[in-house]
Amino acid sequence: MAERVSGPYRGYYISAAARLVAAHEATQPTQPDHRHEGLYVGTVSLSQRGPDDPHRIETLVELGAEHRFATETDALEHVEKAAREYVDRLFDTQ
């Protein structure tokens, strides 16, 4: 699992994580050159007081059509972008 924190972005810290999950096809022993393969799933948390603050925003954020990614970098970048767009929407409604 990879995690990185960025920010503050408009007053919010973004904690993005990417976790490797096994792809169904990769669990079959019939594959040649069988290695631990899978897809990455990204998650994100927002905090106003820093990445270690226990008071995080808990909400569902629309991540778009993609939910699984080929690399952890792709997953991290996608969920960070979704979090920034969410924060932008918070400011647009005020």
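The largest nonpolar core of this predicted model is built from eight residues, namely Ala2, Ala16, Ala18, Tyr40, Phe69, Ala75, Leu76 and Val79. A nonpolar core is here a set of buried Ala, Val, Leu, Ile, Met, Phe, Trp, Tyr and Cys residues joined through side-chain atoms within 4.5 Å, and buried means under 20% relative accessible area with a 1.4 Å probe, protein chains only. Strand 2 and helix 1 are the elements that give two or more residues to this core, with helix 1 supplying the largest share, three residues. One member, Tyr40, is in contact (heavy atoms within 4.5 Å) with Ala18, Arg19, Leu20, His67, Arg68, Phe69, Ala70, Thr71, Glu72 and Ala75, its neighbours within four places in sequence being left aside. A second, separate core has six residues, among them Ile14, Leu46, Ala83 and Tyr86.

Local features are taken at pLDDT of at least 70 and side-chain atom pairs only at pLDDT 80 or more, while totals for chains, interfaces and linings use all residues. Residues are numbered from 1 along each chain as its sequence is written, and side-chain values use heavy atoms, with hydrogens and water left out.

Helices (H or I, at least four residues) and strands (E, at least two) are DSSP runs numbered from the N terminus. Of the 94 residues in the chain, 28% are buried. Among contacts between residues at least 6 apart in sequence, 57% join residues at least 24 apart.

Helix 1 spans residues 72-92, 21 residues in total, and reaches 30 Å from its first C-alpha to its last. This is close to the 30 Å expected at 1.5 Å a residue, the expected span being 1.5 Å times one less than the number of residues. Its buried residues are Ala75, Leu76, Val79, Glu80, Ala82, Ala83, Tyr86 and Val87. These cover an arc of only 160 degrees around the axis, so they lie on the same side of helix 1; the arc is that of the directions from the helix axis to the C-beta atoms. The buried residues of helix 1 pack against strand 1, strand 2, strand 3 (38-47) and strand 5 (68-69).

Strand 1 (residues 2-9) and strand 2 (residues 12-22) run antiparallel and are joined by six bridges; strands pair if DSSP finds at least two bridges between them. Tyr9 stands opposite Tyr12 in strand 2. The hairpin of these strands has two residues between them, and Arg10 takes a positive phi near 55 degrees there.

Definitions and conventions
Buried < 20%, exposed > 50% of the residue type's maximum accessible area, 1.4 Å probe, protein only.
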